[in-house]
Amino acid sequence: MEAVRDKAVVVTGAGGGIGAALARGFVERGARVVVNDLDEVKARRTAQALGAIAVPGDASSVVPAARDALGGAIDVFCANAGIAPGGGPEAAEEVWQRTWDVNVMAHIRAARELVPEWLERGSGRFVATVSAAGLLTMVGSAPYSVTKHAAYAFAEWLSTTYRHRGIDVHAICPQGVRTDMLAGAGVAGDLFLAPGVIEPEAVADALFDAVAERRFLVLPHPEVAEYYAVRATDPDGWLAGMNHLQQKLERAVGRSAGAGGSGGSGQAGEAGEVG
């Protein structure tokens with residue numbers, strides 16, 4: 001694929017899951033790839049397996065070190081790192097702040113570093129792993145839902161503002177993907193995401209199809225487009241349906257507690273910076 005061959009690529013949250021699959025896909029298509037992850041062991045293990053370059057650390061500040069590792073320039077940045085804590089407004093202030101920092105501000109900080117040089121040369125590519133939660137919502141996790149909406153909005157704004165100046169933007173919005181994050185999603189993940197789960201490699205394939213077509217929205221689960229259309233055209237009907245899922249979750253959590261389970265909230269648990 002000429003769009004990525006010989007390009008300098010950074011993938012955050014690439015120690016496993018979607019990030020590792022994206023990194024693998026870029027390497028297989030002839031790109032030079034930096035694997036970034038907060039977990040240094042995972043970053044180095046993945047990079048070694050792929051023949052890529054490991055630059056472990058916080059996704060919010062990886063650009064300077066990754067740029068140096070790639071010889072002075074970055075052509076493609078994949079903002080894939082994310083966390084999914086559970087809860088609603090009662091979640092601790094630090095939980096909301098950390099989720100906002102990883103799921104949104106890391107994207108903004110990378111763009112702040114990269115967009116000026118991309119505009120100067122007239123090309124660049126920004127890939128945001130958003131999740132279907134950014135188009136819809138995620139039952140059981142307000143911090144994840146809110147920040148993923150914001151991540152989608154930022155990617156949309158970047159495309160609106162810069163596509164005529166050579167910057168391509170893609171928003172990846174999958175539902176259930178077989179990753180550590182899904183494994184930590186508790187009852188909500190088991191009920192709503194696991195039945196249609198796909199492999200991380202399918203997400204990467206969907207991205208490269210979108211790259212070839214210069215298409216913004218990447219939907220590894222095509223049915224998400226139908227849900228998104230209903231949300232836009234019949235918001236009250238859509239909200240009633242989502243509330244039905246919330247009630248289903250509450251009943252399932254109650255049964256789990258009554259059966260001697262953990263009795264937890266059934267909400268997504270923080271899974272670390274992974275896709």
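Predicted model: local features only at pLDDT ≥ 70, side-chain atom pairs only at ≥ 80, totals over all residues.
Residues are numbered from 1 along each chain as its sequence is written, and side-chain values use heavy atoms, without hydrogens and water. Local features need pLDDT of at least 70 and side-chain atom pairs count only at pLDDT 80 or more, while totals for chains, interfaces and linings use all residues.

Me: How much space lies in the largest cavity?
Reply: A cavity is a set of points, on a 1 Å grid over the protein atoms alone, where a 1.4 Å probe fits but cannot get out, and its volume is the space filled by probe spheres set on the points. The structure holds 1 cavity of 30 Å³ or more. The space in the largest cavity is about 40 Å³.

Me: Which element supplies the largest share of the lining of the largest cavity?
Reply: Lining residues have an atom within 4 Å of a point, and here they include Thr12, Phe77, Val102 and His107. Helices (H or I, at least four residues) and strands (E, at least two) are DSSP runs, numbered from the N terminus. Strand 4 (76–79) and helix 4 (93–121) each supply at least two residues of this lining, and the largest share, 3 residues, comes from helix 4.

Me: How are helix 4 and helix 5 oriented to each other?
Reply: Axes are lines fitted to C-alpha atoms, for helices over the stretch in contact (heavy atoms within 4.5 Å), and angles run from 0 to 180 degrees between N-to-C directions. The axes of helix 4 and helix 5 (residues 142–162) come within 8 Å and cross at roughly 10 degrees. Angles under 35 degrees count as roughly parallel, and helix 4 and helix 5 are therefore roughly parallel.

Me: Which residues of helix 8 make the contact with helix 1?
Reply: On the side of helix 1, the contact is made by residues including Ile18, Leu22 and Phe26. On the side of helix 8, the residues are Pro200, Glu201, Val203, Ala204, Leu207 and Phe208.

Terms used: 1 Å grid on protein atoms, 1.4 Å probe; cavity = no way out; pocket = protein on both sides within 12 Å on 5 of 7 lines; lining within 4 Å. Parallel < 35°, antiparallel > 145°, perpendicular 65-115°, else oblique.
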